[in-house]
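We will go stop by stop, picking one element after another.

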Amino acid sequence: VGKTNLVRVALPLQVQEYLEPFHLSVEKLREVSARLRKDLVRGLGKHSHHKAPVKMLPTFVRATPDGTEKGDFLALDLGGTNFRVLHVRVVEEEQKVLKMDSQICAIPKEMMLGPGVQLFDHIAACLNDFLVSQNLKGQTLPLGFTFSFPCEQKEIDKSILIRWTKGFNCSGVEGEDVVKLLKEAIHRRGDYDIGSVAMVNDTVGTMMSCGYRDQSCEIGMIIGTGTNACYMEEIKNVRRVEGEDGRMCINTEWGGFGDDGCLKDIRTEFDVVVDETSINPGIHNFEKMISGMYLGEIVRLLLVRLTENKLLFEGRTSEALLTPDAFETKFMSEIEERDGGLENTQNILTELGLKWDSVDSRIVRLVCNAVSSRSARLCGAALATLANRIRVNRRLDHLKTTVGVDGTVYKKHPNFSEELRATVRLLAPDCDITFLVSEDGSGKGAAMVTAVAQRLAHQTRLLEESDGEVDDEEEED
């Protein structure tokens, strides 16, 4: 008995050897932040951006909300097998973005693989049905278009599809401007029209939906199935875009950080397996260490290894444990709950067909904690890099800013947000950051981008008119 107890007590020490690579020191996180800082500059460069792993895409969103925006807008959110149409009202007096109503439209499987014309005709038809149901037919409303596929944005209303993903492969769309295709489909119908269109990345939508409630929101971040962030950069630093004055929102695409091998020293053997067995090996390395699509699989691979080495479950695996992706990321949230976490752990292990004892369940909690904690700290290091960059850009001793956040990992995991915030405080001590959870960034945020674009266009028109009047007066003189 004594020997068994000794072995049982010593076990966690051997387990720690496997978990050690997931515990990143503050020094190591500072190094990661410094590497990302260099990559941001490479991505912004006119000649270096082609080869940069962090793409730093200009969004042509030139301002955040100032609180004077108002009016009715449509939003279209296309990113998977369904798309949503929304009617959004922005109320200036109450500083509110109200979702008036929305409708989900299915995209049949065959349409996802058919001609692009057919897809856009279907979208235009669904948009018409929605306008009829909302009694909006006859009004020409501006539209915010969230199109969650890799695009190169040329202007706020011009976005070229680079490639289809997520099971879509419609012909005649890659290399084309999706706004033009949408407008042509509406024009073919001829029974309604839309106003100006603004293309919106979902990260930007997150920042903008929070920006109306809090005008100091200048960073948007998503940590869900995937991860990404955007922030307001000085236009003079965005070498691919003309102009010296003002700011522009940059979609960092930070999931690609490390694709050039710069994070090799912190990747574990389990990260390497997750990458090699993914549908896009070698791409989005940072995302694969952080986001919900991959965290559960990292934990599963660790549990399998510990079991094979007889450090768990008396060396007996189960069919479920050996099945890729069977250990879901949501299990981690349930296992790490402060109250009831141990009971949840035991229920989940039973569900996975494993024979466990109390030490096993504690080790599984330790494993989950190591993987989620690394994710939060890496994410915090990346966010600190953006906050520090904004502060240095503006030559400020102290920056006060807000981050709009969305994504299930941030919202559902019991310790994630706390650990992320603690890391940011450590690595960006001169930045005072408030976190605001986004409400429907891809819907309300898309409407907000459109509203801000309209406000700026209106201000430009007024300036041009007043300049014209000054010129007329000078001619008279």
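Which residues in α9 meet Ile363, Val364, Val367, Cys368, Val371, Arg374 and Ser375 in α12? Select them: Leu295, Ile298, Val299, Leu302, Leu303 and Leu306. Keep in mind throughout that this is a predicted model.

**Stop 1: α9 on α12**

Now select the whole of helix α9, residues 292-308. Show α12 with it, residues 358-393. The axes of α9 and α12 are 10 Å apart, and the angle is about 140 degrees. Angles over 145 degrees would count as roughly antiparallel. That makes α9 oblique to α12. The crossing of α9 over α12 is right-handed. Color the contact of α9 with α12 by class: eleven nonpolar residues, one polar and one charged.

**Stop 2: α2 on α12**

α2 passes α12 in a right-handed crossing. On the α2 side, pick Val26, Leu29, Val32, Ser33, Leu36, Arg37, Leu40, Val41 and Leu44. On the α12 side, pick Arg377, Leu378, Ala381, Ala382, Thr385, Leu386 and Arg389. Color the contact of α2 with α12 by class again: eleven nonpolar, two polar and three charged residues.

**Stop 3: α4 and α5**

Next, select helix α4 (residues 116-133) and helix α5 (residues 178-189). Their axes come within 9 Å and cross at roughly 65 degrees. This crossing of α4 and α5 is right-handed. Show the side chains of Val117, Phe120, Asp121, Ile123, Ala124, Ala125, Leu127 and Asn128 in α4. Their contact partners in α5 are Val178, Leu181, Leu182, Ala185, Ile186, Arg188 and Arg189. The contact of α4 with α5 holds eleven nonpolar residues, one polar and three charged.

**Stop 4: the five-stranded sheet**

Hide the helices and look at strands. Strands of a sheet pair through backbone hydrogen bonds, either parallel or antiparallel. In what order do the five strands of the open sheet lie? Trace β4-β3-β2-β5-β8; the pairing is mixed. β4 (96-106) and β8 (197-200) stand at the edges. Each has a single partner strand, so one side of each is left without a neighbour in the sheet. Neighbouring strands of this sheet are turned by 20 degrees against each other on average, direction ignored.

Zoom in on β2 (residues 71-78) and β3 (residues 82-91). They run antiparallel, joined by eight bridges. Click Leu78: its bridge partner in β3 is Phe83.

Move on to β3 and β4. They pair in the antiparallel sense over ten bridges. Select His87, then find Asp101 opposite in β4. β3 and β4 form a hairpin with four residues between them. Stop at Gln95 in that turn: it has a positive phi of about 50 degrees.

**Stop 5**

Select β6 (residues 151-155) and β7 (residues 158-161). These strands run antiparallel and share four bridges. Which residue of β7 is the bridge partner of Gln153? Ser159. A hairpin joins β6 to β7 through two residues.

**Stop 6: the six-stranded sheet**

Trace the open sheet of six strands, in the order β1-β11-β10-β9-β12-β13. Its pairing is mixed. The edge strands are β1 (57-58) and β13 (431-437), and each pairs on one side only. β12 (residues 399-406) pairs with β13 in the parallel sense, over seven bridges. Click Val405 and look for its bridge partner in β13, Val437. Now bring back helix α6, residues 202-211. α6 packs on the sheet, touching β9, β10, β11, β12 and β13. The direction of α6 makes about 130 degrees with that of β9.

Residues 14-212 are 35% helix and 25% strand, with end C-alpha atoms 51 Å apart.

Finally, color residues 218-452, which the UniProt record (unreviewed entry) marks as "domain: Hexokinase C-terminal". Here the chain is 49% helix and 14% strand, and the end C-alpha atoms are 14 Å apart.

Methods:
Residues numbered from 1 in each chain as written. Predicted model: local features only at pLDDT ≥ 70, side-chain atom pairs only at ≥ 80, totals over all residues. Heavy atoms only, no water. Axes fitted to C-alpha atoms, helices over the stretch in contact; angles between N-to-C directions. Left-handed = near helix turned anticlockwise from the far one by under 90°. Contact = heavy atoms within 4.5 Å. Nonpolar A, V, L, I, M, F, W, Y, C, P; charged D, E, K, R; others polar. Pairing = 2+ DSSP bridges. UniProt positions renumbered as here; feature names shortened; annotations may be inferred. Parallel < 35°, antiparallel > 145°, perpendicular 65-115°, else oblique.
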